[in-house]
Each structure stands twice: as C-alpha cells, then as structure tokens.
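Please examine the model shown below before reading on.

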Amino acid sequence: MMKSPRLPLYLTMATFFLAYLLCIWEFPSMFSTRVVANLLTDNAFLGITAVGMTFVILTGGIDLSVGSVIAFTGVFIAVILRDTSIHPLVAFGLVLTITIAFGAAEGAIVHYLEMPAFIVTLAGMFLMRGLAYVLSTDSVPVTHEFYDVLQSIYWKAPGGGRFRLIGGVMLLVFIAAMVVLHRTKFGKNVYALGGGVQTAQLMGVPIARTTILIYATSGGLAGLAGIVYSLYTSAGYSLSTVGVELDAIAAVVIGGTLLSGGTGFVAGTFFGILIMGLIQTYIVFDGTLSSWWTKIVIGILLFTFIMLQKVLAWATTARRKPATEFAMRS
Amino acid sequence: MMSDTLRRIAPQLVILAVVILLNFIVFPGFFSIEFQNGRLFGNIIDVLNRGAPVALLATGMTLVIATKGIDLSVGAVMAIAGAVAASVVTAGGGWVPALLAALAAGLACGSWNGILVAIFRVQPIVATLVLMVAGRGIAQLITEGKIMTFINPGLIHLGAGTILGVPTPVWIWIIMGCLVTYVVRRTALGMLIEAIGINETSSRLAGINSRVLLVAVYLVTGFCAALAGVVVAADIKGADANNAGLWMELDAILAVVIGGNSLLGGRFSIVASLLGALIIQSVNSVILLSGMPPEFNLVIKALLIIVILFIQSPTVQHAIYLFRASTPPHAPTEERAEKSAEKSHKNNQTARESLS
C-alpha cells in the first residue's frame with residue numbers, strides 16, 4: 001500500500017526519460033549539455049512558481065494569482081530601478097515583502113471569510129495585474145550593472161552548456177521545498193490539511209496559520225519567480241506571463257499531485273516542468289510543427305496522467321470493494 | 001412563488017441598482033435611449049449588448065456549479081465554436097450550417113467534459129482544465145494560427161445586427177436564459193440538479209440518474225459557450241483563436257458567484273447569475289464612463305469584486321444574521337436550529353433569504 005502514492009511520481013520520471021530518449025533518437029544533437037542547460041534556464045521562473053503551486057494544491061487549494069504576481073514583480077522592479085537609485089537587492093527585498101504580504105492576505109481571506117480559494121485568488125489575479133498596469137503600461141527595460149553581474153554568472157559545462165544563476169535558483173528552491181515538505185512540522189501540516197480540514201483540526205494542526213503560510217509561500221515564490229523572470233528578460237512588462245498559473249497547475253498535475261490535495265511530491269512537479277519544457281524544445285528542433293501543438297500535447301498529457309491516477313485509485317480501492325458492498329447491503 | 005424569487009435576487013438587484021446609480025452619477029446621460037437608423041442606441045442597451053457573452057456563459061455555468069462542478073473550458077470552447085463557424089462560411093457555407101456546426105462543436109466539447117466528469121469520475125476542475133489548455137490549440141489548428149475574417153452578412157447579423165431595433169445578442173441571451181430557466185423550473189430537473197450538488201451519493205440512492213443529468217448539464221454549458229463564441233466572432237467579423245473568450249470563464253464564474261450561488265453546489269438561481277453578469281458589465285461601464293485612465297480598470301474591478309464577495313461571504317452573512325437575530329426577542333430553539341443549518345453550509349441560502 002505504501003508504494004501507491006509514489007507510483008505517479010515514478011511514472012512521470014519514466015515518461016520524461018523515455019520522451020528525452022525518443023527526442024535524442026530523432027535528433028541526436030538534443031543530447032547535449034546545451035539543451036539541458038537551456039531547459040533549466042528557460043523554465044526557471046515557471047519551476048519556482050510551480051513549487052508554490054504544489055504547496056497550495058497539496059492543501060486542496062488553488063492560486064490563480066501567480067501569473068499576475070510575476071508580472072507585477074517585474075514591472076515593480078523595473079520602475080523602481082528606473083525612478084530611484086536604490087540597489088536592486090533592496091528592490092528585491094521590498095518586492096518579496098509585498099508579494100508575501102499579498103499571499104498572506106489571500107490566505108487570511110480564504111480562511112477567515114470562508115470563501116473558496118478559487119474566487120479569492122481570482123480577485124487577487126485581477127488586482128495584481130491591475131497594479132502592474134497602474135505602474136506602467138509600457139515595457140520598461142532594466143539597465144543596471146548589478147543585473148549584468150547576475151546575468152554573467154554561469155558555469156560552463158563540457159559541451160558548451162551554460163548553467164546560469166536562475167536555473168540554479170530554481171534547483172535550490174526545489175531542494176528547499178523538499179526539505180520543508182518532508183522534514184519539518186509545517187510540511188506535515190500541509191499534507192494533513194490536504195487530507196481533510198476537519199481531520200487536520202482534530203489532530204491539532206493549526207489551520208489558520210498553515211493556510212495563511214501556504215498562500216504567503218505561494219505569493220513569495222511567485223515574487224521570486226518574478227525576480228528571476230526580470231533577470232531572464234531584463235525588462236518589466238505588465239502584459240507578460242499571462243496564463244502562467246495554468247502552466248504551473250498543469251505541471252503540478254502532470255507531476256502526479258492530486259488536485260483534491262493530500263497526495264503529491266515536489267519532485268514530480270520538477271519533472272512535470274521538464275516534460276513541458278521538452279515538448280517546446282522538440283517543437284523548436286523539429287521546425288515544421290506550429291506552436292499550438294504545444295498546447296494540444298500538454299492537454300493530451302494532462303488527460304493521460306489524470307486517467308492514470310484514476311486507474312491507480314481504482315486498482316487500490318478494488319481490493320476493498322467487497323467490504324463496502326457488504327457494508328452497504330447490511 | 002413570485003415573492004420567493006424576488007427575495008432571492010434582492011441583494012443582486014440592490015447591487016445592480018447601486019452600480020447603475022454610480023453610472024448615472026459619473027455620466028448623467030446614462031439612461032437616455034435614442035432610436036436611430038432602425039436600432040436603439042444608449043448606454044443601457046450597450047450594457048445589455050456587451051454583457052451578452054458573459055450572460056450566456058453564466059446561464060450554463062450556473063447549472064454546472066449547482067452540481068458542485070465547474071467548467072473552466074468555456075473560453076476555449078468559445079474560441080473553437082468561433083473558429084468552426086468562421087471556417088464554414090469562408091469555405092462557402094451559409095450562416096445556418098455555420099451556426100449549426102459551431103453548436104455541434106460546442107455540444108461535442110460539452111459531452112467530452114460531461115463524460116470525463118460523470119463516467120470517469122474526474123474532478124470537474126481537472127477534467128475541464130484539459131480542454132481549457134488543449135482547446136485553444138485546437139481552435140488555432142482550425143484557423144491555422146490566423147485570425148479568420150469573414151463577410152457573410154447572416155453570420156455577422158448574429159453579433160452586430162438588430163431585431164426590432166434591439167441588438168441580436170441581447171435577444172439571444174435573454175431567450176436562452178428564459179428557456180433554460182423555464183425548463184429547469186417548470187420540471188423537476190432543477191430540483192434534481194440541486195440534489196446532485198448537495199449530495200451526489202444520496203441523490204443516486206434516491207433514484208436520480210446522476211450520470212445522465214451531469215452529462216446533460218455539461219452539454220448545456222458547451223451549447224451556451226458555443227453560442228457566446230459565435231456572437232463574439234460575429235461581432236468582430238472574425239475568429240481570433242488566441243483572444244476570443246480569453247478569461248471569459250473567470251468572468252462567468254464571477255457572475256455566478258456574485259449571483260449568490262454557492263460554489264459548493266446546491267440551490268441555484270439563473271436569474272441571479274444573469275444579474276451578476278449585468279453587474280460585471282455595469283462595473284465595466286462605470287469605469288469607462290468615469291473617464292478614469294484605463295490602467296485603473298482592473299484595480300477598481302478587483303476592489304469592487306472583493307467588496308461584493310466580502311458582503312456575501314458566509315462569515316459576514318453569519319455575523320449579520322446573529323446581529324439581526326439578537327435584537328428582537330426570538331424563540332431560542334428555532335434560532336439555534338437555523339444557526340446550525342447556517343453553520344453546516346449545506347443551506348446558506350435559507351439564511352440569506354431569512355435575512356432579507
């Protein structure tokens with residue numbers, strides 16, 4: 001029984017490696033450190049967002065505001081660096097404080113006003129996108145020597161792949177998230193909350209604190225993703241990263257986390273991100289396929305993984321079925 | 001019966017009146033309606049006309065949400081339907097085959113969602129996420145990535161024309177809303193849908209064929225979304241697979257929630273959802289008419305939504321209820337019974353009705 005929750009994770013990992021092998025078989029040049037390094041760099045902001053989303057989804061909630069938070073962060077940093085002379089690190093600290101407070105406020109509304117997370121974070125999505133518009137409707141370039149320093153940090157692997165700073169940040173976030181989820185009390189509380197609010201409450205899990213912390217984490221990680229995105233593009237634009245929340249949710253689901261909460265792993269999300277990145281890389285390598293195939297393939301993958309989870313759930317409950325039937329008859 | 005309905009939609013009517021009053025304050029000519037070139041012009045007509053897609057989506061979405069479900073794919077279905085209609089007329093077909101093909105596409109999308117939810121027992125939010133992600137890709141596949149423009153007058157009439165001076169989209173959403181309301185309220189269907197939303201297992205044990213009803217509900221939503229997609233495409237004389245119906249699903253869900261329907265399923269009111277759609281459109285109109293910089297649109301909309309949701313949140317409603325109940329000397333047993341009903345969330349509509 002213990003191995004069933006990990007099975008989706010292993011399947012996601014197997015899917016990724018199998019897909020990568022197939023890609024290499026068709027385009028041998030895809031087997032290079034360049035491709036791997038770009039996979040990490042290009043999906044860094046999405047990966048960091050998806051970690052926050054994994055936390056939220058594990059508790060059975062959802063956070064639709066992350067895409068807007070990323071856009072807001074980018075615009076905020078760009079505007080503040082343009083109009084004032086403060087150091088980017090201070091700006092980073094400031095914007096992280098704002099996004100964490102914003103996430104915490106969302107969590108507080110979800111908990112204390114007993115409103116569905118879906119609607120609360122939807123309003124948050126409009127609010128953050130709107131604030132980004134208010135700051136600037138144009139794309140604001142970032143020209144600061146500190147940005148050049150950060151962007152020039154990379155480790156050149158044999159084969160020419162450049163592992164940049166932002167890819168490293170994403171890996172660090174994933175490792176930190178795994179430690180938090182599996183080695184701290186907070187992590188246990190997250191899983192407990194996802195298993196059922198009432199059960200968790202009876203076990204003595206602090207519901208209010210955990211819920212607020214979860215959304216603050218998601219907001220803060222979206223802020224960090226915004227910083228990474230601003231390093232990636234060297235600009236802040238209020239219309240950027242529209243729909244990133246959906247990509248993040250898709251990555252989490254492909255990674256084997258149940259949207260009803262309680263079951264899932266951050267590592268699965270990591271491979272979910274890699275699979276989605278791989279599809280895009282494949283389309284670039286192929287050259288004849290149009291970009292909309294990305295959406296269709298991701299949709300098919302989502303469907304496959306959902307069905308897989310259904311089959312697994314059915315297979316694990318089938319053994320218990322006679323008992324329930326007996327209980328219902330009596 | 002009539003007074004029950006009125007009491008149910010009273011909060012929405014009050015909010016709508018307040019928003020329309022705001023419209024009147026920022027723009028005194030808001031209520032003036034002119035008749036020129038065989039059609040009515042005026043801000044009220046505009047609100048009714050522009051609100052058509054969200055109102056259409058909200059009609060179907062109300063039923064889905066009443067079964068404790070949600071349909072995230074309606075925006076993508078709109079894009080697909082628009083693309084199908086445009087490709088039929090550009091291939092030389094008339095507007096009737098185009099409309100029928102679009103509606104068939106909507107029904108096909110609806111049945112896909114419905115089968116996933118009802119037969120395979122996938123959570124509605126996940127099941128419809130698949131089509132939400134893939135649907136826009138499918139629509140782009142149909143239009144081959146271009147914005148497909150058309151000049152068929154019959155199809156354009158559905159979005160930009162008038163019947164008896166009133167814009168066609170207004171007719172479409174009012175007729176669709178009345179039709180669905182009539183069907184679910186004149187038969188037992190509405191009650192059965194509510195039963196599924198409150199507790200699906202017990203409704204099944206009570207003999208309700210929940211599978212067929214669930215599929216039917218998603219079919220209706222797909223149908224409504226396809227209509228909305230055709231209206232939007234006809235309005236701009238082209239099918240834009242990327243932007244048609246973008247984020248419309250969120251507006252539709254918002255309309256249903258502003259309409260006081262619980263996302264946890266159960267009792268529903270289509271009229272209230274339609275009022276919710278009108279409230280959203282009136283808010284848009286206030287922001288436009290007040291001449292505020294367009295950058296502020298989303299912020300103001302978000303703040304208004306937060307205020308409306310705050311007023312309707314179960315906690316605040318409960319606090320108001322307790323405040324009201326504590327003033328006159330009541331029979332304590334009855335009060336406690338009502339309080340526990342409110343707490344269990346199964347029936348927060350009753351409390352809301354006893355409030356007003």
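This is a predicted model: local features need pLDDT of at least 70, side-chain atom pairs count only at pLDDT 80 or more; totals for chains, interfaces and linings use all residues.

Residues are numbered from 1 along each chain as its sequence is written, and chains are lettered from A and ligands numbered from 1 in the order in which they are written.

How many residues of chain A are in contact with chain B? There are 35 residues of chain A in contact with 34 residues of chain B, where contact means that the C-beta atoms of two residues, placed from the backbone, lie within 7 Å. On the side of chain A that touches chain B, helix 6 (117-135), helix 12 (244-254) and helix 14 (292-318) of chain A each supply at least two residues. Helices (H or I, at least four residues) and strands (E, at least two) are DSSP runs, numbered from the N terminus. Sorted by class, this side of chain A holds 26 nonpolar, five polar and four charged residues. Here Ala, Val, Leu, Ile, Met, Phe, Trp, Tyr, Cys and Pro count as nonpolar, Asp, Glu, Lys and Arg as charged, and the others, Gly among them, as polar.

Chain B is divided into domain 1 (38-299) and domain 2 (313-356), with bounds that come from an automatic or database domain assignment. The C-alpha centres of these two domains of chain B are 34 Å apart.

The next topic is the nonpolar core. Such a core is a set of buried Ala, Val, Leu, Ile, Met, Phe, Trp, Tyr and Cys residues joined through C-beta atoms within 7 Å. A residue is buried if 20 or more other C-beta atoms lie within 10 Å of its own, exposed if 12 or fewer, and partly exposed in between. The largest nonpolar core has 218 residues, and those that touch the most other members are Val228(A), Leu302(A), Leu57(B), Ile80(B), Ala81(B), Ala85(B) and Val230(B). Helix 11 (residues 210-236) of chain B gives the largest share of this core, 17 residues. Not counting residues up to four places away in sequence, Ala81(B) touches several residues, including Ala102(B), Ala225(B) and Val230(B).

Two helix pairs of chain B show how helices pack. Helix 3 (residues 52-66) and helix 12 (residues 248-258) of chain B pack at an angle of about 65 degrees, with their axes 8 Å apart. Axes are lines fitted to C-alpha atoms, for helices over the stretch in contact, and angles run from 0 to 180 degrees between N-to-C directions. The crossing of helix 3 and helix 12 of chain B is right-handed; a crossing is right-handed if the near helix is turned clockwise from the far one by less than a right angle, and left-handed if anticlockwise. Among the residues that make this contact are Leu57(B) of helix 3 of chain B and Ala252(B) of helix 12 of chain B. By class, the contact of these two helices has 11 nonpolar, one polar and one charged residues.

In the second pair, helix 5 (residues 95-118) and helix 6 (residues 124-143) of chain B pack at an angle of about 145 degrees, with their axes 9 Å apart. Helix 5 of chain B passes helix 6 of chain B in a right-handed crossing. The contact between them has seven nonpolar, two polar and no charged residues.

Ser234(A) has a positive phi of about 55 degrees although it is not a glycine, and its place is in the loop between helix 11 (207-233) and strand 4 (235-236) of chain A. Is Ser234(A) buried or partly exposed? Ser234(A) counts as partly exposed because it has 14 C-beta neighbours inside 10 Å. Thr241(A), also not a glycine, has a positive phi of about 50 degrees and lies in the loop between strand 4 and helix 12 of chain A. Thr241(A) is buried, because 28 other C-beta atoms lie within 10 Å.

Finally, Ala177(A) lies in helix 8 of chain A and counts as buried, with 24 C-beta neighbours inside 10 Å. Ala177(A) and Phe265(A) are 88 residues apart in sequence and 9.7 Å apart in space, C-alpha to C-alpha.
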